[in-house]
Amino acid sequence: MVVALFGNAYSLNMNPAYTADKFIPTIGMLFGNCVIGISIGMSSVMESLETHRDRIEVMMCYGASRWELIRPVTVSALKAAMLPSITNMSITGLISIPGAMTGWVLSGASVLDAARYQQIIFFMLTASSTIGALLYTIGRTPMVRLSGVEGITNRVSADIVGKLEYMNPGASIKDRVAKYIVKQLDARGVSKDALLVVAGPGNLAISLAMLHRKLLCLIPERTSADRVRLLKCAGAVDIMRTLDGALPGSPEHPSSIGKRVVEQKQGAVYIDEELGDWDLSECYNELAAEIIEQTKGNVDALVLGVDTGNAATHLARALREKIPGVQIVGVEPSNSAICDQNALNPLARRWLCEDIGRVYAPRALAANSIDMWIQVSDNVAYSMARQLIQAGVFAGPSAGASVAAARMYATSEALQCGQRVVVILGDTARNYGETLLSDDWMLAHDLLDARMLGDIQRKQIEQYRAASIEDLQLPAAVTVSENDTMGAAIELMMENDFSQVPITGPNRRLIGYLTLSAAQTLAENGAAKAHDPVKQFMLRFTGRPATDNRADGRYTPVLSLAATPSSSIRKQYWLITPETPLSELARFFETHTVAFVTDASRKFCLGIATKQDLIIFLARRNTRTF
């Protein structure tokens, strides 16, 4: 009633706000939506009570009151129901808008007024259905066939499909885990500001940071720097690196470190999936239900990487209940010890692939969960991840290992057409900018297969056949003095169809450059006059800070080459001479648009090269690909 009165008075500008022709349709629509919201909330409460029934009954046997047991479950369920309730109310509201509009018109309102009311309510309902819905975007990830991936189409008859868990908002399967951990933290009454000490390769910490939790992260040494940077940007309080091969019980193990930190930080909570302190059965039951729904129950095998063991244990149980004959294939790196424990020193067990593998069997892994183990080398895992990327599936190395294992399984078991293997692709390639996505890093660690290695060698060496910049036959550079006017520089570039022109200082030494687009923009907006000297607007190859303001308030943009204050635009100088190999020039153009060719002392500008010059050179040599 109050909402209808205020809405009519202030949103719809009705005066008085309680006239029958406006008030009755509005209150009717709001009442109907409220009834729907209440019914959804009650349904969520009943479902939550049914799920936790066994735990409630056991605790009642120990003397707990009904109110003590039901209250946290009910509150948690109502919180979980709020956003879906708003969304459902919004959908119903959209359906009821035409009815309300018709009611207004029949009550005597003009059609234009009724349309205006409709637009305002439509905007309000749309806004209410989108605000705060991040938690409910987790899950329902797509599933795609991997038949287009190199090495699968021509080798495997069975249908291999990938469950794209990296398409969760936090870019990993750990979003699902974080969602249920947050729910349980709320149910336990843990403050949202409490410090969470999180152990793991980093994906779970990223997912919890996405849900606005305060974190101290215990990250293994092998975890990529890209994840660490992301966690820092997300506001992690601190990040501690842990030993890759530490065994449970040792002082170096994450659980030992985490418990010591929690003891020192009042109110802190230690989170480690491996310890079994969190009920993740619902989390993976939800994932199993999605797999069954998307495949219509046609699953012969599930292939997934194993780390903490939770996913393997819960998915195996949930899928076997619905599909009794399904095979669960566990994947780990070649030096991992989950399925092959022996006397090898755990510190000697080294691998690069993140998110999977342990130097011991995790206690969360049920003994009968895995039907077959497949170990995958780093070389195979990273090469397959590259092949996935080339096929449009931007998954990380652990996913590459799982897909390679699925191919091995389908081949070894002689699976036929009509049989289906589902692979969990749990991590994104975007977390590996300095590793998986770096040709130099992949070459240095010998992680490319023969075909990829040949492609990179051809690109970097054979494509240019030891040619240098001298072979481009560039015309002599046309330069402008720093004391020349902006008008003269613009006229010179337009007459010669130049995009940029080198700027020289005393003794004709190269000191910077000016681009045509920047010069024209400065001239059009009045920042630069035709008679102004070029040196006031050029980009300089010097270490002088950009805060060298002129008397009229303008400042000179600077391309800094040395350590300068933070206000400078820093850019490392890359010496390019006529003897520079074209393969090196091609790498330069990966991050730059133009190269100024100078002598070895960087005194004189001899020419200007662009990517177009390389393309023309390759075409002249009849090279097929650029």
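The following legends describe close-up views of a predicted model of one protein chain.

**View 1. Overview of the protein chain, with its 19 helices and 18 strands.** In this predicted model, 47% of the 626 residues count as buried. The chain exposes about 30800 Å², of which carbon and sulfur atoms supply 56%. When contacts between residues at least 6 apart in sequence are considered, 63% of them join residues at least 24 apart.

**View 2. The open parallel sheet β5-β4-β3-β6.** Four strands make up this sheet, and their pairing is parallel. The edge positions belong to β5 (238–242) and β6 (269–271); each has a single partner strand, so one side of each is left without a neighbour in the sheet. From one strand to the next, the twist averages 20°.

**View 3. The pairing of β4 with β5 and the helices on this sheet.** Strand β4 (residues 214–220) runs parallel to β5 and is joined to β5 by five bridges. Within this pairing, Leu-218 stands opposite Met-240 of β5. Helix α8 (residues 225–233) lies across β4 and β5, and its direction is at about 155° to β5. Helix α9 (residues 254–264) also packs on the sheet, where α9 touches β3 (195–199), β4, β5 and β6. The direction of α9 makes about 165° with that of β6.

**View 4. The open mixed sheet β1-β2-β10-β7-β8-β9.** This sheet has six strands, and the pairing is mixed. At its edges stand β1 and β9 (372–376); because each has a single partner strand, one side of each is left without a neighbour in the sheet. The twist averages 25° from one strand to the next.

**View 5. The pairing of β7 with β10, and helix α11.** Strands β7 and β10 run parallel and are joined by three bridges. Ala-301 has Val-421 in β10 as its bridge partner. Helix α11 lies across β7 and β8 (327–333), running at about 170° to β7.

**View 6. Helix α10 and the elements that cover its buried residues.** Helix α10 comprises the 15 residues 281–295. At 1.5 Å a residue, α10 should span 21 Å, and its end C-alpha atoms are 21 Å apart, which agrees with that expectation. The buried residues of α10 are Ser-281, Cys-283, Tyr-284, Leu-287, Ala-288, Glu-290, Ile-291 and Thr-295. An α-helix has 3.6 residues a turn, so residues three or four places apart point the same way. The cover over the buried residues of α10 includes the strands β1 (143–145), β2 (159–164), β7 (301–305) and β10 (420–425). Helices α6 (174–187) and α11 (310–322) are also included in this cover. After α10 comes Lys-296, whose phi is positive, near 55°.

**View 7. Cysteines Cys-233 and Cys-417.** Cys-233 is exposed, with a relative accessible area of 72%. Cys-417 is likewise exposed, with a relative accessible area of 69%. Cys-283, by contrast, belongs to the buried residues of α10. A disulfide is a covalent bond between the sulfur atoms of two cysteines. A search of the whole structure finds zero disulfides.

Note on methods:
Residues numbered from 1 in each chain as written. Predicted model: local features only at pLDDT ≥ 70, side-chain atom pairs only at ≥ 80, totals over all residues. Heavy atoms only, no water. Helix = DSSP H or I, 4+ residues; strand = E, 2+ residues; numbered from the N terminus. Expected span 1.5 Å × (residues − 1). Buried < 20%, exposed > 50% of the residue type's maximum accessible area, 1.4 Å probe, protein only. Contact = heavy atoms within 4.5 Å. Disulfide = S-S within 2.5 Å. Areas by Shrake-Rupley, 256 points an atom, 1.4 Å probe, with all protein chains shown as cover. Pairing = 2+ DSSP bridges. Axes fitted to C-alpha atoms, helices over the stretch in contact; angles between N-to-C directions.
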